[in-house]
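Let's look at this one together, a question at a time. Have the viewer ready and follow along.

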Amino acid sequence: MDKIYSGTWESVKGHQIPQWYEDYKFGIFIHWGLYSVPAYAPRTWELGEVPGDENWFCNNPYAEWYYNSVHVGKGPTYEYHKKKYGLDFSYENFADMWRAEKWDPNEWAEVFEQAGAKYVVLVTKHHDGFCLFPSKYTHYNSVERGPKRDITGELARAVREHGLKMGTYYSGIIDWRFSDQAIYCDEDNFNNACPSFEYADYAYRQSLELIERYEPSIFWNDIGWPRQGAHMLPSLLARYYNRVKDGVVNDRFNGLYHDYVTKEYKLGNPGRGEKWEMCRGMGLSFGYNAQEGDEEIISVDGLIHLLVETVSNNGNLLINIGPKADGTIPQEQVKRLKEAGKWLQVNGEGIYGTRCSRENEEINGIPIFFTRKGTDMFLFMESREPGREVFVDGLTADGVTALDGRVQFECTEKKNGMLLRVTENPTGYQMLGFRLSLAAQ
(Lines give C-alpha, C1' and ligand atoms only; values in the text may rest on other atoms or scores of the structure.)
Protein backbone atom coordinates (compact mmCIF):
# COMPACT_ATOMS: atom_id res chain seq x y z
CA MET A 1 0.00 0.00 0.00
CA ASP A 2 1.34 3.43 -0.93
CA LYS A 3 2.36 5.69 1.91
CA ILE A 4 0.13 8.68 2.59
CA TYR A 5 2.02 11.83 3.51
CA SER A 6 0.70 14.45 5.89
CA GLY A 7 1.64 18.10 5.77
CA THR A 8 4.44 17.90 8.33
CA TRP A 9 8.21 17.88 7.93
CA GLU A 10 8.41 14.63 9.88
CA SER A 11 6.12 12.90 7.39
CA VAL A 12 7.61 14.41 4.24
CA LYS A 13 11.19 13.67 5.26
CA GLY A 14 10.34 9.98 5.30
CA HIS A 15 10.16 10.06 1.50
CA GLN A 16 12.64 7.85 -0.38
CA ILE A 17 14.14 8.56 -3.79
CA PRO A 18 12.30 6.38 -6.33
CA GLN A 19 14.37 3.72 -8.03
CA TRP A 20 13.69 5.11 -11.50
CA TYR A 21 15.59 8.29 -10.63
CA GLU A 22 18.55 6.27 -9.37
CA ASP A 23 18.52 4.18 -12.56
CA TYR A 24 17.78 6.61 -15.39
CA LYS A 25 20.95 8.75 -15.15
CA PHE A 26 20.36 11.05 -18.14
CA GLY A 27 17.79 13.78 -18.63
CA ILE A 28 17.07 16.79 -20.85
CA PHE A 29 16.55 20.27 -19.41
CA ILE A 30 14.65 22.77 -21.60
CA HIS A 31 14.84 26.56 -21.27
CA TRP A 32 12.41 28.03 -23.78
CA GLY A 33 10.45 31.23 -23.42
CA LEU A 34 10.23 34.92 -24.27
CA TYR A 35 13.99 35.25 -23.87
CA SER A 36 14.34 33.02 -26.95
CA VAL A 37 13.23 35.99 -29.06
CA PRO A 38 16.14 38.37 -28.34
CA ALA A 39 18.36 35.28 -27.85
CA TYR A 40 21.23 37.35 -26.57
CA ALA A 41 23.81 37.17 -23.82
CA PRO A 42 27.49 38.13 -23.86
CA ARG A 43 30.12 35.41 -23.83
CA THR A 44 31.95 36.94 -20.92
CA TRP A 45 33.52 33.84 -19.39
CA GLU A 46 34.92 30.58 -20.55
CA LEU A 47 32.72 27.54 -20.98
CA GLY A 48 31.83 25.91 -17.69
CA GLU A 49 32.73 28.88 -15.49
CA VAL A 50 29.99 30.67 -13.59
CA PRO A 51 31.79 33.18 -11.36
CA GLY A 52 29.74 34.98 -8.76
CA ASP A 53 31.55 38.30 -8.58
CA GLU A 54 30.14 41.83 -8.46
CA ASN A 55 30.09 42.08 -12.27
CA TRP A 56 27.79 39.10 -12.70
CA PHE A 57 24.57 41.01 -13.27
CA CYS A 58 26.14 43.41 -15.76
CA ASN A 59 27.75 40.63 -17.79
CA ASN A 60 25.36 37.76 -17.22
CA PRO A 61 26.04 35.05 -19.85
CA TYR A 62 22.61 33.43 -19.29
CA ALA A 63 20.27 34.49 -22.11
CA GLU A 64 17.24 33.56 -20.00
CA TRP A 65 18.20 36.42 -17.64
CA TYR A 66 17.75 38.97 -20.45
CA TYR A 67 15.02 40.91 -18.59
CA ASN A 68 17.22 41.49 -15.58
CA SER A 69 20.37 42.11 -17.60
CA VAL A 70 18.63 44.98 -19.38
CA HIS A 71 17.23 46.43 -16.17
CA VAL A 72 20.65 46.58 -14.56
CA GLY A 73 21.09 49.66 -16.73
CA LYS A 74 24.58 48.95 -18.02
CA GLY A 75 26.59 46.20 -19.61
CA PRO A 76 26.51 44.30 -22.94
CA THR A 77 22.87 43.17 -22.81
CA TYR A 78 21.65 46.64 -21.88
CA GLU A 79 23.59 48.12 -24.80
CA TYR A 80 22.33 45.43 -27.16
CA HIS A 81 18.70 46.02 -26.18
CA LYS A 82 19.06 49.78 -26.50
CA LYS A 83 20.45 49.48 -30.02
CA LYS A 84 18.20 46.67 -31.26
CA TYR A 85 14.83 47.52 -29.70
CA GLY A 86 15.19 50.85 -27.93
CA LEU A 87 14.95 51.55 -24.23
CA ASP A 88 11.20 52.16 -24.43
CA PHE A 89 10.66 48.62 -25.69
CA SER A 90 9.21 46.57 -22.82
CA TYR A 91 10.28 42.97 -22.26
CA GLU A 92 6.60 41.98 -22.20
CA ASN A 93 6.37 42.84 -25.91
CA PHE A 94 8.34 39.67 -26.62
CA ALA A 95 5.23 37.73 -25.57
CA ASP A 96 3.54 38.75 -28.82
CA MET A 97 6.68 38.16 -30.91
CA TRP A 98 7.19 34.59 -29.68
CA ARG A 99 5.21 32.51 -32.19
CA ALA A 100 6.74 29.00 -31.92
CA GLU A 101 5.46 28.48 -35.47
CA LYS A 102 7.68 25.47 -36.22
CA TRP A 103 7.28 23.71 -32.89
CA ASP A 104 6.41 20.03 -33.01
CA PRO A 105 6.54 18.40 -29.55
CA ASN A 106 6.69 14.93 -31.09
CA GLU A 107 9.84 15.85 -33.02
CA TRP A 108 11.40 17.03 -29.78
CA ALA A 109 10.43 13.84 -28.00
CA GLU A 110 11.92 11.74 -30.80
CA VAL A 111 15.23 13.59 -30.49
CA PHE A 112 15.26 13.09 -26.71
CA GLU A 113 14.56 9.38 -27.12
CA GLN A 114 17.28 9.07 -29.75
CA ALA A 115 19.65 10.83 -27.34
CA GLY A 116 19.16 8.04 -24.81
CA ALA A 117 17.63 10.43 -22.29
CA LYS A 118 15.15 8.93 -19.85
CA TYR A 119 13.50 12.05 -18.47
CA VAL A 120 12.76 15.64 -19.42
CA VAL A 121 12.45 18.78 -17.27
CA LEU A 122 10.74 21.77 -18.89
CA VAL A 123 11.03 25.31 -17.55
CA THR A 124 7.35 26.13 -17.07
CA LYS A 125 7.97 29.56 -15.54
CA HIS A 126 11.34 31.27 -15.37
CA HIS A 127 12.18 34.42 -13.41
CA ASP A 128 10.45 36.60 -16.00
CA GLY A 129 7.10 35.23 -14.84
CA PHE A 130 5.81 34.05 -18.23
CA CYS A 131 4.07 30.69 -17.84
CA LEU A 132 4.18 27.90 -20.41
CA PHE A 133 0.86 26.56 -19.16
CA PRO A 134 -2.66 27.96 -18.69
CA SER A 135 -2.89 29.41 -15.20
CA LYS A 136 -5.94 30.67 -13.35
CA TYR A 137 -3.73 33.18 -11.62
CA THR A 138 -2.25 35.10 -14.55
CA HIS A 139 -3.02 35.97 -18.17
CA TYR A 140 0.71 36.14 -18.81
CA ASN A 141 0.97 32.65 -20.27
CA SER A 142 1.55 30.79 -23.52
CA VAL A 143 -2.12 29.93 -24.05
CA GLU A 144 -3.33 33.52 -23.98
CA ARG A 145 -0.22 35.15 -25.44
CA GLY A 146 2.42 34.26 -28.02
CA PRO A 147 2.19 30.64 -29.19
CA LYS A 148 -1.43 30.29 -27.92
CA ARG A 149 -0.61 26.71 -26.89
CA ASP A 150 -0.28 24.75 -23.67
CA ILE A 151 3.43 24.11 -24.14
CA THR A 152 3.74 22.06 -20.95
CA GLY A 153 0.75 19.86 -21.66
CA GLU A 154 1.61 19.14 -25.28
CA LEU A 155 5.21 18.31 -24.47
CA ALA A 156 4.24 16.12 -21.50
CA ARG A 157 2.00 14.00 -23.73
CA ALA A 158 4.66 13.63 -26.41
CA VAL A 159 7.44 12.81 -23.96
CA ARG A 160 5.37 10.17 -22.20
CA GLU A 161 4.28 8.61 -25.47
CA HIS A 162 7.98 8.03 -26.14
CA GLY A 163 8.43 6.31 -22.79
CA LEU A 164 10.23 9.14 -20.97
CA LYS A 165 9.43 10.71 -17.62
CA MET A 166 8.22 14.31 -17.60
CA GLY A 167 9.28 16.89 -15.03
CA THR A 168 8.53 20.56 -14.48
CA TYR A 169 10.84 23.40 -13.44
CA TYR A 170 9.31 26.32 -11.56
CA SER A 171 11.06 29.52 -10.49
CA GLY A 172 10.00 29.56 -6.87
CA ILE A 173 11.61 32.57 -5.25
CA ILE A 174 12.07 34.95 -8.19
CA ASP A 175 9.39 36.51 -10.36
CA TRP A 176 10.39 39.93 -11.63
CA ARG A 177 6.78 40.93 -12.22
CA PHE A 178 6.14 40.80 -8.48
CA SER A 179 9.34 42.39 -7.28
CA ASP A 180 10.27 46.03 -6.98
CA GLN A 181 13.91 44.92 -6.90
CA ALA A 182 14.31 43.71 -10.47
CA ILE A 183 17.94 44.86 -10.47
CA TYR A 184 20.18 42.54 -8.49
CA CYS A 185 23.47 43.93 -7.31
CA ASP A 186 24.45 41.56 -4.52
CA GLU A 187 23.50 38.32 -2.84
CA ASP A 188 21.06 40.00 -0.45
CA ASN A 189 18.78 40.83 -3.36
CA PHE A 190 18.17 37.13 -3.96
CA ASN A 191 16.72 36.92 -0.47
CA ASN A 192 14.61 40.02 -1.05
CA ALA A 193 13.62 39.15 -4.61
CA CYS A 194 9.93 38.54 -3.93
CA PRO A 195 9.26 39.75 -0.38
CA SER A 196 5.45 39.72 -0.44
CA PHE A 197 2.93 37.28 1.00
CA GLU A 198 1.03 37.80 -2.25
CA TYR A 199 3.79 36.18 -4.26
CA ALA A 200 4.27 33.35 -1.76
CA ASP A 201 0.60 32.50 -2.20
CA TYR A 202 0.88 32.82 -5.98
CA ALA A 203 3.87 30.45 -6.14
CA TYR A 204 2.09 27.91 -3.95
CA ARG A 205 -1.08 27.97 -6.05
CA GLN A 206 0.76 27.76 -9.37
CA SER A 207 2.85 24.86 -8.09
CA LEU A 208 -0.35 23.03 -7.24
CA GLU A 209 -1.63 23.73 -10.76
CA LEU A 210 1.44 22.05 -12.21
CA ILE A 211 1.20 19.10 -9.84
CA GLU A 212 -2.50 18.47 -10.32
CA ARG A 213 -2.65 19.09 -14.07
CA TYR A 214 0.57 17.44 -15.24
CA GLU A 215 1.64 15.12 -12.39
CA PRO A 216 5.34 15.75 -13.03
CA SER A 217 7.76 12.98 -12.05
CA ILE A 218 10.22 15.72 -11.02
CA PHE A 219 9.27 18.97 -9.34
CA TRP A 220 12.38 21.08 -9.96
CA ASN A 221 12.29 24.29 -7.96
CA ASP A 222 14.84 27.01 -8.68
CA ILE A 223 16.98 29.10 -6.32
CA GLY A 224 14.66 28.97 -3.31
CA TRP A 225 11.17 29.42 -1.94
CA PRO A 226 9.52 32.65 -0.69
CA ARG A 227 10.30 32.94 3.01
CA GLN A 228 6.76 34.11 3.73
CA GLY A 229 5.46 30.78 2.43
CA ALA A 230 8.11 28.43 3.82
CA HIS A 231 5.67 27.14 6.46
CA MET A 232 3.48 25.81 3.61
CA LEU A 233 6.22 23.70 2.05
CA PRO A 234 5.42 20.50 4.00
CA SER A 235 1.82 20.77 2.79
CA LEU A 236 2.90 21.38 -0.82
CA LEU A 237 5.36 18.49 -0.82
CA ALA A 238 2.88 16.14 0.83
CA ARG A 239 0.28 16.95 -1.79
CA TYR A 240 2.88 16.36 -4.47
CA TYR A 241 4.02 12.96 -3.14
CA ASN A 242 0.43 11.83 -2.59
CA ARG A 243 -0.48 12.81 -6.14
CA VAL A 244 2.71 11.57 -7.85
CA LYS A 245 3.77 8.30 -6.23
CA ASP A 246 7.10 8.19 -8.06
CA GLY A 247 7.79 11.92 -7.65
CA VAL A 248 11.12 13.46 -6.70
CA VAL A 249 12.25 17.01 -5.87
CA ASN A 250 15.59 18.82 -5.92
CA ASP A 251 17.26 20.79 -3.14
CA ARG A 252 16.40 24.42 -3.88
CA PHE A 253 14.01 24.95 -1.00
CA ASN A 254 16.03 27.29 1.25
CA GLY A 255 18.02 24.36 2.62
CA LEU A 256 14.91 22.95 4.28
CA TYR A 257 14.45 19.76 2.27
CA HIS A 258 15.57 17.69 -0.72
CA ASP A 259 15.46 14.27 -2.32
CA TYR A 260 18.68 14.97 -4.20
CA VAL A 261 21.17 17.83 -4.43
CA THR A 262 22.01 19.88 -7.51
CA LYS A 263 25.25 21.10 -9.05
CA GLU A 264 25.20 23.79 -11.74
CA TYR A 265 28.28 23.96 -13.94
CA LYS A 266 31.07 24.31 -11.36
CA LEU A 267 28.84 25.46 -8.51
CA GLY A 268 28.03 22.89 -5.82
CA ASN A 269 30.03 20.15 -4.16
CA PRO A 270 28.01 16.94 -4.20
CA GLY A 271 29.53 13.81 -2.73
CA ARG A 272 29.30 10.18 -3.77
CA GLY A 273 27.39 9.36 -0.60
CA GLU A 274 24.25 11.25 -1.64
CA LYS A 275 22.28 11.30 -4.87
CA TRP A 276 22.90 14.44 -6.92
CA GLU A 277 22.29 15.92 -10.35
CA MET A 278 24.49 18.01 -12.63
CA CYS A 279 22.64 20.60 -14.69
CA ARG A 280 24.26 22.78 -17.31
CA GLY A 281 23.80 24.15 -20.80
CA MET A 282 25.63 22.90 -23.84
CA GLY A 283 27.22 26.32 -23.98
CA LEU A 284 27.39 28.80 -21.14
CA SER A 285 23.76 29.86 -21.50
CA PHE A 286 20.66 27.81 -20.77
CA GLY A 287 18.27 29.80 -22.97
CA TYR A 288 19.10 29.99 -26.67
CA ASN A 289 21.94 32.42 -27.27
CA ALA A 290 22.55 33.25 -30.92
CA GLN A 291 26.11 34.25 -29.94
CA GLU A 292 26.95 30.60 -29.23
CA GLY A 293 27.64 28.51 -32.30
CA ASP A 294 29.14 25.08 -32.88
CA GLU A 295 32.58 26.11 -31.66
CA GLU A 296 31.26 27.58 -28.42
CA ILE A 297 29.38 24.56 -27.08
CA ILE A 298 30.48 21.31 -25.55
CA SER A 299 31.91 18.70 -27.94
CA VAL A 300 30.44 15.23 -28.41
CA ASP A 301 33.38 13.69 -26.57
CA GLY A 302 33.04 16.32 -23.86
CA LEU A 303 29.36 15.54 -23.38
CA ILE A 304 29.98 11.80 -23.14
CA HIS A 305 32.86 12.39 -20.73
CA LEU A 306 30.63 14.58 -18.55
CA LEU A 307 27.91 11.90 -18.50
CA VAL A 308 30.31 9.11 -17.53
CA GLU A 309 32.08 11.19 -14.89
CA THR A 310 28.77 12.29 -13.37
CA VAL A 311 27.22 8.82 -13.27
CA SER A 312 30.37 7.22 -11.85
CA ASN A 313 30.19 9.68 -8.97
CA ASN A 314 26.55 8.88 -8.10
CA GLY A 315 25.01 11.67 -10.15
CA ASN A 316 22.53 12.16 -12.96
CA LEU A 317 23.24 14.48 -15.88
CA LEU A 318 20.53 16.96 -16.83
CA ILE A 319 21.89 18.51 -20.02
CA ASN A 320 20.07 21.59 -21.25
CA ILE A 321 18.84 22.52 -24.70
CA GLY A 322 17.89 26.07 -25.64
CA PRO A 323 15.41 25.99 -28.55
CA LYS A 324 15.01 28.92 -30.92
CA ALA A 325 11.92 31.12 -30.77
CA ASP A 326 10.36 29.29 -33.74
CA GLY A 327 10.43 25.98 -31.84
CA THR A 328 13.37 24.33 -33.57
CA ILE A 329 16.31 22.96 -31.64
CA PRO A 330 19.63 24.30 -33.01
CA GLN A 331 21.24 21.64 -35.15
CA GLU A 332 24.54 21.81 -33.30
CA GLN A 333 22.64 20.80 -30.14
CA VAL A 334 20.70 18.04 -31.93
CA LYS A 335 23.98 16.66 -33.26
CA ARG A 336 25.42 16.32 -29.73
CA LEU A 337 22.30 14.65 -28.44
CA LYS A 338 22.09 12.11 -31.25
CA GLU A 339 25.78 11.23 -31.03
CA ALA A 340 25.45 10.72 -27.29
CA GLY A 341 22.49 8.46 -28.04
CA LYS A 342 24.49 6.35 -30.47
CA TRP A 343 27.20 5.94 -27.85
CA LEU A 344 24.62 4.98 -25.22
CA GLN A 345 23.04 2.36 -27.48
CA VAL A 346 26.32 0.45 -27.22
CA ASN A 347 27.60 1.49 -23.80
CA GLY A 348 24.37 2.12 -21.92
CA GLU A 349 24.50 -1.06 -19.85
CA GLY A 350 27.43 0.49 -18.00
CA ILE A 351 25.39 3.64 -17.36
CA TYR A 352 21.69 2.90 -16.81
CA GLY A 353 20.79 1.07 -13.62
CA THR A 354 24.34 1.18 -12.28
CA ARG A 355 25.65 2.36 -8.93
CA CYS A 356 28.88 3.84 -7.63
CA SER A 357 31.85 1.52 -7.63
CA ARG A 358 35.47 2.17 -6.75
CA GLU A 359 36.84 5.71 -6.81
CA ASN A 360 37.75 7.15 -10.17
CA GLU A 361 41.44 7.39 -11.01
CA GLU A 362 43.87 8.97 -13.45
CA ILE A 363 46.50 6.56 -14.75
CA ASN A 364 49.24 7.69 -17.13
CA GLY A 365 47.23 10.84 -17.71
CA ILE A 366 44.16 8.80 -18.68
CA PRO A 367 40.98 9.33 -16.59
CA ILE A 368 39.36 6.06 -15.51
CA PHE A 369 35.75 5.81 -14.32
CA PHE A 370 33.94 2.91 -12.67
CA THR A 371 30.32 1.84 -12.25
CA ARG A 372 28.81 -1.39 -11.02
CA LYS A 373 25.71 -3.50 -11.61
CA GLY A 374 25.34 -6.81 -9.77
CA THR A 375 28.49 -8.85 -10.20
CA ASP A 376 29.72 -6.75 -13.12
CA MET A 377 31.96 -3.74 -12.86
CA PHE A 378 32.23 -1.32 -15.77
CA LEU A 379 35.44 0.53 -16.55
CA PHE A 380 35.44 3.55 -18.83
CA MET A 381 38.61 5.07 -20.25
CA GLU A 382 39.48 7.59 -22.94
CA SER A 383 41.54 6.08 -25.72
CA ARG A 384 40.98 7.48 -29.19
CA GLU A 385 44.51 6.52 -30.23
CA PRO A 386 45.54 2.84 -30.13
CA GLY A 387 48.30 1.78 -27.79
CA ARG A 388 47.05 3.54 -24.69
CA GLU A 389 47.21 1.35 -21.61
CA VAL A 390 46.37 1.51 -17.95
CA PHE A 391 47.35 -0.64 -15.01
CA VAL A 392 44.46 -0.91 -12.57
CA ASP A 393 45.87 -1.66 -9.16
CA GLY A 394 44.10 -4.09 -6.87
CA LEU A 395 41.59 -5.29 -9.45
CA THR A 396 41.30 -8.61 -11.29
CA ALA A 397 38.41 -10.04 -13.24
CA ASP A 398 37.22 -13.43 -14.47
CA GLY A 399 36.56 -11.90 -17.86
CA VAL A 400 36.83 -8.57 -19.64
CA THR A 401 34.81 -7.57 -22.69
CA ALA A 402 34.56 -4.33 -24.61
CA LEU A 403 31.01 -2.96 -24.66
CA ASP A 404 31.59 -1.95 -28.28
CA GLY A 405 32.62 -5.11 -30.13
CA ARG A 406 34.65 -3.10 -32.63
CA VAL A 407 37.20 -2.18 -29.98
CA GLN A 408 40.27 -4.41 -29.93
CA PHE A 409 42.22 -4.70 -26.69
CA GLU A 410 44.54 -6.82 -24.61
CA CYS A 411 44.03 -7.53 -20.94
CA THR A 412 46.80 -9.11 -18.89
CA GLU A 413 46.74 -10.12 -15.25
CA LYS A 414 49.66 -8.73 -13.33
CA LYS A 415 50.71 -8.93 -9.73
CA ASN A 416 48.21 -6.94 -7.67
CA GLY A 417 46.15 -5.86 -10.66
CA MET A 418 45.43 -5.93 -14.37
CA LEU A 419 46.89 -4.22 -17.43
CA LEU A 420 44.40 -3.07 -20.07
CA ARG A 421 45.73 -1.97 -23.45
CA VAL A 422 43.61 -0.72 -26.37
CA THR A 423 45.04 -1.88 -29.69
CA GLU A 424 42.36 -0.57 -32.06
CA ASN A 425 39.51 1.94 -31.71
CA PRO A 426 37.46 2.33 -34.91
CA THR A 427 34.36 3.66 -33.08
CA GLY A 428 34.96 7.38 -33.59
CA TYR A 429 34.40 7.98 -29.88
CA GLN A 430 37.03 8.79 -27.32
CA MET A 431 35.31 7.15 -24.33
CA LEU A 432 35.42 3.35 -24.32
CA GLY A 433 33.59 1.04 -21.95
CA PHE A 434 34.56 -2.41 -20.68
CA ARG A 435 32.63 -4.98 -18.65
CA LEU A 436 34.60 -6.74 -15.91
CA SER A 437 33.08 -9.93 -14.53
CA LEU A 438 33.70 -10.08 -10.78
CA ALA A 439 31.70 -13.22 -10.10
CA ALA A 440 34.57 -15.01 -8.37
CA GLN A 441 35.28 -12.14 -5.96
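The questions below go from a sheet to a helix pair and then to a single side chain.

This is a predicted model, where local features need pLDDT of at least 70, side-chain atom pairs count only at pLDDT 80 or more, and totals for chains, interfaces and linings use all residues. Residues are numbered from 1 along each chain as its sequence is written, and side-chain values use heavy atoms, with hydrogens and water left out.

Q: Which strands stand at the edges of the open sheet of 3 strands?
A: The order is β13-β16-β15, with antiparallel pairing; strands are DSSP runs (E, at least two residues) and pair if DSSP finds at least two bridges between them.

Q: Are α9 and α10 roughly parallel or roughly antiparallel?
A: Helix α9 (residues 197-214) and helix α10 (residues 233-243) pack with axes 10 Å apart, at an angle of about 5°. Angles under 35 degrees count as roughly parallel and over 145 as roughly antiparallel. Therefore α9 and α10 are roughly parallel.

Q: Is His162 buried or exposed?
A: His162 sits in the loop between α7 (151-161) and β3 (165-171). Its relative accessibility is 19%, and buried means under 20%, exposed over 50% (1.4 Å probe, protein chains only). So His162 counts as buried.

Q: How far is the backbone oxygen of Ala158 from a polar atom of the side chain of His162?
A: Leaving aside residues up to four places away in sequence, His162 touches Asn106, Ala109, Glu110 and Glu113 (heavy atoms within 4.5 Å). From the backbone oxygen of Ala158 to the polar side-chain atom of His162, the distance is 3.0 Å.

Conventions:
Helix = DSSP H or I, 4+ residues; strand = E, 2+ residues; numbered from the N terminus. Axes fitted to C-alpha atoms, helices over the stretch in contact; angles between N-to-C directions. Parallel < 35°, antiparallel > 145°, perpendicular 65-115°, else oblique. Polar contact = N/O pair within 3.5 Å; in protein donor to acceptor, adjacent residues only side chain to side chain.
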